[in-house]
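Subject: Structure for you to look at

Hello,

Here is the structure I promised to pass on. Please open it and keep it beside this email as you read.

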Amino acid sequence: MARAHAISVLLDDDLLTFNRVIGVVRRRNVPISGLATSASHTPGVSRLSFIMQADDASIDRLVRQLQKSFGVRHAETFPAEHAVTREIALIKVRTDPDDRVAFLAVVSQFEATVVDEGAAACILEIAGPTDRADACIRALEPFGILEIARSGAVAMRSADGSSPSPATYNPSEAVL
């Protein structure tokens, strides 16, 4: 049965390695959400995070294939319910002076931050779980959303020490 899995890959910080990893994922023809890449705690190494809906066997095969890819330092998967996921969304909203109180109530309810303000629009930033960003966007729709930019979810295994999946060790890379 398909369920959500968070996948985290540490890879060399170069475009060729990134391209190889994306190719491995793309060939699986499984829907992904929240693809995000950024610097990791190690210089020269990037972290690629994404969420996939697939069965456990398919995810395990994907992680094993990723581990075999040149330039991949480490790959692991864990059920999304054992992950901490966060996303950042920037939302440009039409501002009407007559709706200012209701608008600020929504901003306050979702603990969003106004990062830019103009005469006819403002840009909000919201950070948190993906469903929180979705709910904030739905609440802002009556005001008139002009533009949305989302980072995609980044994920990390929760701090409670949930056991790692069997496919987390890459023996070809001794140092992470």
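Below is what was found, one region at a time.

This is a predicted model: local features need pLDDT of at least 70, side-chain atom pairs count only at pLDDT 80 or more, and totals for chains, interfaces and linings use all residues. Residues are numbered from 1 along each chain as its sequence is written, and side-chain values use heavy atoms, with hydrogens and water left out. Helices (H or I, at least four residues) and strands (E, at least two) are DSSP runs, numbered from the N terminus.

Helix H2

Start with helix H2, residues 56-68. It has 13 residues and spans 19 Å from first C-alpha to last, close to the expected 18 Å. That expected span is 1.5 Å times one less than the number of residues. Asp 55 caps the N-terminal end of H2. One of its side-chain oxygens lies 3.2 Å from the backbone nitrogen of Ala 57.

Which residues of H2 are buried? They are Ser 58, Ile 59, Leu 62, Val 63, Leu 66 and Gln 67. Buried means under 20% relative accessible area, exposed over 50%, and partly exposed in between (1.4 Å probe, protein chains only). An α-helix has 3.6 residues a turn, so residues three or four places apart point the same way. The cover over the buried residues of H2 includes strand E1 (3-12), helix H1 (15-27), strand E3 (45-54) and strand E4 (72-79).

Strands around E7

Now go to strand E7, residues 121-128. Strands pair if DSSP finds at least two bridges between them. E5 (residues 83-94) pairs with E7 in the antiparallel sense, over eight bridges. Val 93 has Cys 122 in E7 as its bridge partner. Strand E6 (residues 113-117) also runs antiparallel to E7, joined by four bridges. There, Thr 113 is partnered by Glu 125. E6 and E7 form a hairpin, with three residues between them.

Glu 111

Look at the loop between helix H3 (100-109) and E6, where Glu 111 lies. Glu 111 is not a glycine, yet its phi is positive, about 55°. Most residues other than glycine have a negative phi. Glu 111 has 63% relative accessibility, so it counts as exposed.

The aromatic pair

How many aromatic pairs does a search of the whole structure find? One. The ring centres of Phe 103 and Phe 143 are 5.6 Å apart and the planes are at 80°, so the pair is edge-to-face. Rings of Phe, Tyr and Trp (its six-membered ring) pair if their centres lie within 6.5 Å; planes under 30 degrees apart count as stacked, over 60 as edge-to-face and the rest as tilted. Both Phe 103 and Phe 143 are buried.

Best wishes

Definitions and conventions
Contact means heavy atoms within 4.5 Å. A polar contact is a pair of N or O atoms within 3.5 Å; within protein, one must be able to donate a hydrogen and the other to accept it, and residues adjacent in sequence count only if both atoms are side-chain atoms.
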